[in-house]
Amino acid sequence: MSESNKNIVNEVNEAFSNNKVEDFLKHCADDIVWRMIGEKTTTGIKEIREWMSQMEGCEPPVFSVDETVAEGDSVICRGDMTMKDQEGVEGKYAYCDSYQFKNGKIARLDSYVIKIKEQSEDQKAAGV
């Protein structure tokens with residue numbers, strides 16, 4: 001089960017990289033709950049589809065997957081990404097996604113996304 005769920009998360013990450021919303025949603029339970037921690041919670045495929053449709057035409061995020069860990073019905077995926085905000089300004093972020101599966105579908109997704117502050121030259125020199 002863990003390896004199958006891990007493969008689904010890899011497919012989901014590929015879908016996100018290519019702005020293929022339906023390729024993500026086909027792996028979701030009808031009543032999925034997606035929490036963007038500190039931002040919003042979206043419930044159900046229909047609501048997620050509507051929310052993600054607002055991003056049509058936008059450049060997809062570029063991200064790396066540094067680690068994926070699967071145990072039972074849970075998969076944790078973390079890495080870094082670069083994406084543009086609504087004004088088109090590119091930012092760097094660290095992310096961690098926690099997936100919970102039920103009957104082979106994503107039932108819950110908790111996404112932690114943190115903007116990485118650029119270091120000043122003084123901080124770089126000090127090794128901070």
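User: Two strands count as paired if DSSP finds at least two bridges between them; on that basis, what order do the strands of the open sheet have?
Analyst: This is a predicted model, and in it the open sheet has 6 strands in the order β2-β1-β6-β5-β4-β3, with mixed pairing. The edge strands are β2 and β3, each of which pairs on one side only, and from one strand to the next the twist averages 15°.

User: In which sense do β1 and β6 pair, and over how many bridges?
Analyst: Strand β1 (residues 28-36) and strand β6 (residues 105-115) run parallel, joined over 5 bridges, and Val 33 has Arg 108 in β6 as its bridge partner.

User: And β5 with β6, parallel or antiparallel?
Analyst: β5 and β6 pair in the antiparallel sense, over 10 bridges.

User: What about the hairpin of β1 and β2, how many residues sit between the strands?
Analyst: There are 3 residues between the strands, and Gly 38 takes a positive phi near 85° in that hairpin. The strands themselves, β1 and β2 (residues 40-43), pair in the antiparallel sense over 4 bridges, with Lys 40 in β2 as the bridge partner of Met 36.

User: Switching to helices, which strands does α1 touch?
Analyst: Helix α1 (residues 2-17) packs on the sheet and touches β1, β3, β4 (74-84), β5 and β6, while its direction makes about 165° with that of β3.

User: Where does α3 lie?
Analyst: Helix α3 (residues 45-53) lies across β1 and β2, and runs at about 50° to β1.

User: Now aromatics: how many pairs does a search of the whole structure find?
Analyst: The search finds 6 aromatic pairs. One of them is formed by Phe 63 and Tyr 95, with 5.8 Å centre to centre and 85° between the planes. The cut-off for edge-to-face is over 60 degrees, so this pair is edge-to-face.

User: Which parts of the chain does that pair link?
Analyst: Phe 63 belongs to strand β3 (residues 62-71) and Tyr 95 to strand β5 (residues 90-102), so that the pair links distant parts of the chain, 32 residues apart.

User: Are Phe 63 and Tyr 95 buried or exposed?
Analyst: Phe 63 is buried, and Tyr 95 is buried too.

User: Which residues form the aromatic cluster?
Analyst: One aromatic cluster is made up of Phe 16, Phe 24, Trp 34 and Trp 51.

Technical notes
Residues are numbered from 1 along each chain as its sequence is written. This is a predicted model: local features need pLDDT of at least 70, side-chain atom pairs count only at pLDDT 80 or more; totals for chains, interfaces and linings use all residues. Side-chain values use heavy atoms; hydrogens and water are left out. Rings of Phe, Tyr and Trp (its six-membered ring) pair if their centres lie within 6.5 Å; planes under 30 degrees apart count as stacked, over 60 as edge-to-face and the rest as tilted. Helices (H or I, at least four residues) and strands (E, at least two) are DSSP runs, numbered from the N terminus. Buried means under 20% relative accessible area, exposed over 50%, partly exposed in between (1.4 Å probe, protein chains only). Two strands pair if DSSP finds at least two bridges between them. Axes are lines fitted to C-alpha atoms, for helices over the stretch in contact, and angles run from 0 to 180 degrees between N-to-C directions. Contact means heavy atoms within 4.5 Å.
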